[in-house]
Amino acid sequence: MSVKTLTINGKTVTGLAGTSLFNTAWEAGIRIPRLCHIGGLSDIGACRLCLVEIEGRPRLHPACMTEVEEGMVVRTESERLHAHRKLIVELLFAEGNHVCAVCVSNGHCELQDLATSLGIDHVRVAYQHPRRPVDASHARFTLDLNRCVFCRRCMRVCDEVEGAHTLDVAGRGAELRLIADLGQSWGTAESCTSCGKCVQVCPTGALFAKGSAVGEMTKNRAFLQYIVTAREKHEWIRK
Amino acid sequence: MARRLLIDPVSRIEGHAKVTIELDDDGTVRDARFHVTEFRGFEKLCEGRPFEEMPGLMARVCGICPVSHILASSKAGDQLLGVDVPPAAVAQRRLANYAQLLQSHALSFFHLSGPDLLLGFDADPATRHIFGLAATEPDFARRGIRLRQFGQRLIELLGGRRVHPPWSAPGGVNQPFSAAARDEARGWLPEAYQTLELARSRFRPLLDGFREEVDHLGDFPSLFLGTVSADGELEYYDGDIRIVDGEGNVVADGLSPQRYATYLGEASESWTFIKNPFYKPMGYPSGMYRVGPLARLNVAATAGTPRADRELRELRHHAGDAAGTVCASFHYHWARLIEMVHAVERIEELLDDAVLLGTTIRAKAMLNHREGIGVSEAPRGTLFHHYRVDENGCIVTANLLIATAQNNLAMNQAVKQTAQRFVRGHTPAEGMLNRVEHAIRCYDPCLSCSTHALGQMPLVLELRDRQGGLLERIARD
């Protein structure tokens, strides 16, 4: 397999052909903001937070969906990128009902961390205040669509790792929503194995363990690495 | 010509309100009303939310007394789970409640009412606030601020932060109390006792000069309601409801807080956003009752701690009737002082109890009941949180019976009585109107968390004719 040499933020890095810019940067210690990407699951380029600049190309490219090429000159940080990311996160806040102060994931939330790291202290677009339901019909977990950012990590882990594919999305645009099985209440979805992987990968408080009070939902995402390593390399590790 | 005086906003209270005073042609007061002008809607906005979130959500009702809402909400959640809360968690919750009582009362006594009491009702409003008090009585003001700091610090030691600590939840609390935190809290006690002794020695001689205010800033018989322990002592976390009348007769005793809806009703009026709770057997508005510091001291046989009991005997001897019942709203201040002493004594007891450091602090369970009612004594009076949930634990209806609302009928009567006594003529002196405001301050109403009033908000006085036309506007900054 060939190796590509490229420059990211002025640093010369190498990556195997076919690997994404995101993973190559990650391995080189360069962190690019992201929300839908999570190591171990396929990428879908949904959140657009990992957009980067590539010299000679006018448009921005999602690092998770762009393969490394020989001689690429990539910038992951610029005023333009910062402005884009900031607006994307503001739009996410405006689109849902994200109230950190009373959220189970307060203090342990990727969306909140992103807002902090991008210096967001207010939202410049109008809040939509959508009416979205809370599905607490599952015996162990709750789905609060008010806090969903449609990263679809839950859907992918359910499909690609657990193999159940209970969760998916339905609708388009502002009507997009996460559903269980054929759009029924989660508690009646027969395909669900109650494994809880979806809860662990969810970046916000949209999916959480029942019984969690404000700020009590912490998530452990390391399990994905064990499973993926076991599946792909047939190595059973425990950190 | 008949005129209406408008005090808007009422200053040095927690929240937004105004007072209207209707004057007859000759300038005598015909009627007066206390209007709460803000709307929060918490009972509605929590519908559909999982009940485990309620303590954190309900804490946001108020920035002054979030602990009270957290506790009432947690207790309602305990019932939905159907669990017995571990003793260490109960001890922590009790400790937080006393800390809350201490800091809130210190705010009322030293910051909000202190300027009137020590500088005088007729003092220049430009300096009649906590900063003016700090300039003339720096030690008194500093100690008051420090006393409040103690309460706030204790809440922080328990819950991780001073305001809206997300630490108590259905089933218990989420972190053990450390020995280091206990030792730090103990270190505050001597200063707290000293400050309260100073406040007592400074406050008591002032009462002689306030005889007219004592007699006319809301001195009337009414029912008093509060929780008491099985021994009839002051009780702020558990206990049953006792109601006494203005002469000290026990009207009802051993009432289960769980059955509050059978004996307490809530009436609405078009001129205020606050509800008007009343004692059902006596109807509305005859069933007016008072809650809070004075009510608790009127319903309890004893405080249950030595220093507070000594002071309670003094209060009953000097200000009570034959049965020791105190009806003058002005004595809410004295009652607050006694409760602060009691709170510090109880804090000391709890800090000395090894149970407090227990590490079994949370009872876990699934949803087992569909209805929960949590009750605690908040600084301003008895607080009820009542939730009904669906089969998945999401809130279907919530009803909050807030202490300040329960005092609303009495506050209106106090405002009217004060206005009738002190307000004269179509252009009353500022000090007269300040007394009307002070009748409200006696109850330390907490109208929301929206105003962390330190010092003084601007007061606007508008003179209006019967048709509501503006005749004159007087503003102070």
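**Contact between the chains**

Analyst: The contact, in which two residues count if their C-beta atoms, placed from the backbone, lie within 7 Å, takes 16 residues from chain B and 13 residues from chain A. The model is predicted: local features need pLDDT of at least 70, side-chain atom pairs count only at pLDDT 80 or more, and totals for chains, interfaces and linings use all residues. Residues are numbered from 1 along each chain as its sequence is written, while chains are lettered from A and ligands numbered from 1 in the order in which they are written.

User: Which helix gives the largest share of the side of chain B that touches chain A?

Analyst: Helices (H or I, at least four residues) and strands (E, at least two) are DSSP runs, numbered from the N terminus. With three residues, the largest share comes from helix H2 (residues 54-59) of chain B.

User: Which elements of chain A do the buried residues of H4(A) pack against?

Analyst: A residue is buried if 20 or more other C-beta atoms, placed from the backbone, lie within 10 Å of its own. In helix H4 (residues 153-162) of chain A, the buried residues include A:Arg153, A:Met155 and A:Val157. The buried residues of H4(A) pack against strand S8 (167-170), helix H5 (197-201) and strand S10 (207-209).

User: What percentage of the residues in chain B is buried?

Analyst: The secondary structure of chain B comes to 15 helices and 16 strands. Its C-alpha trace spans about 65 × 50 × 45 Å along the principal axes. Of the 477 residues in chain B, the buried ones make up 53%.

Technical notes:
A residue is buried if 20 or more other C-beta atoms lie within 10 Å of its own, exposed if 12 or fewer, and partly exposed in between; C-beta atoms are placed from the backbone.
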